[in-house]
Amino acid sequence: MDQRSWRSGVVSEDWNIASITLVFKKGKNEDPGNYQPVSLTSVPGYVMENLILESISTHMKDEKVIRISQHRFTKGKSCLTKLVAFYNEKTTWIDEERAVDIVYLNFIMAFDTISQSSLIDKLRKCELDELTVRWIENWMKGRSQRIVISGTGSSWRPVTGEVPQESILGP
């Protein structure tokens, strides 16, 4: 981890800019759903984000901040493993002739509306060390991004209010 940046909380300006581009996943080229947005940032900024993420993950695991039932954002688990565990539990209940009611909610865009201040408050409540919280807070401030398609970029726009998307530390 860049100790000077982490200790001072100062985030280099070039770490706060990102070009968002689309990477083809699979299927037909014409279908926009077959593309994944990816944030292209500076290499040192990318490395720093990974180090901060590892620090957060270690803290959350060591302090048991995340319940064992949590699958997303947990190493070795995924949305798929959560779905399998959920399905297993409900089919067991049905086998036991217990009543089962299920309500499905779509939270796919939930993280798109999380305010930066709410996230910072949550990190402090999880007792993440203050140097890391301050670095993340400064990392989220003053961010700009643009869209790049086929080598042509839009104008730079500030990222305001929400947690930056398509980044290592973003959802």
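**Aromatic contacts and the nonpolar core**

Lys90 lies over the face of Trp93, 3.8 Å from the ring centre. The charged end of Arg98 also sits over the ring of Trp93, at 4.5 Å from its centre. A charge is taken to sit over a ring if NZ of Lys or CZ of Arg is within 6 Å of the ring centre and within 35 degrees of the ring normal. The model is predicted, so that local features need pLDDT of at least 70 and side-chain atom pairs count only at pLDDT 80 or more, while totals for chains, interfaces and linings use all residues. Residues are numbered from 1 along each chain as its sequence is written, and side-chain values use heavy atoms, with hydrogens and water left out.

Rings of Phe, Tyr and Trp (its six-membered ring) are paired if their centres lie within 6.5 Å; planes under 30 degrees apart are stacked, over 60 edge-to-face and the rest tilted. By this rule there are 2 aromatic pairs. The ring centres of Trp15 and Trp135 are 6.4 Å apart and the planes are at 55°, so this pair is tilted. Trp15 lies in the loop between helix H1 (3–8) and strand E1 (17–24), and Trp135 in helix H5 (residues 130–140), so the pair ties together parts that are 120 residues apart in sequence. Helices (H or I, at least four residues) and strands (E, at least two) are DSSP runs, numbered from the N terminus. Both Trp15 and Trp135 are buried (under 20% relative accessible area; exposed is over 50%, partly exposed in between; 1.4 Å probe, protein chains only).

Phe24 and Tyr35 form an edge-to-face pair, with 5.4 Å centre to centre and 65° between the planes. Phe24 is in strand E1 and Tyr35 in strand E2 (residues 35–40), so this pair links parts 11 residues apart in sequence. Phe24 is partly exposed, at 36% relative accessible area, and Tyr35 is partly exposed at 24%.

A nonpolar core is a set of buried Ala, Val, Leu, Ile, Met, Phe, Trp, Tyr and Cys residues joined through side-chain atoms within 4.5 Å. The largest nonpolar core has 15 residues, of which Ile52, Leu123, Trp135 and Ile136 touch the most other members. Helix H2 (43–62), helix H4 (116–125) and H5 each give two or more residues to this core, and the largest share, 5 residues, comes from H5.

The buried residues of H5 are Thr132, Val133, Trp135, Ile136, Trp139 and Met140. They cover an arc of only 160° around the axis, which puts them on the same side of H5; the arc is that of the directions from the helix axis to the C-beta atoms.
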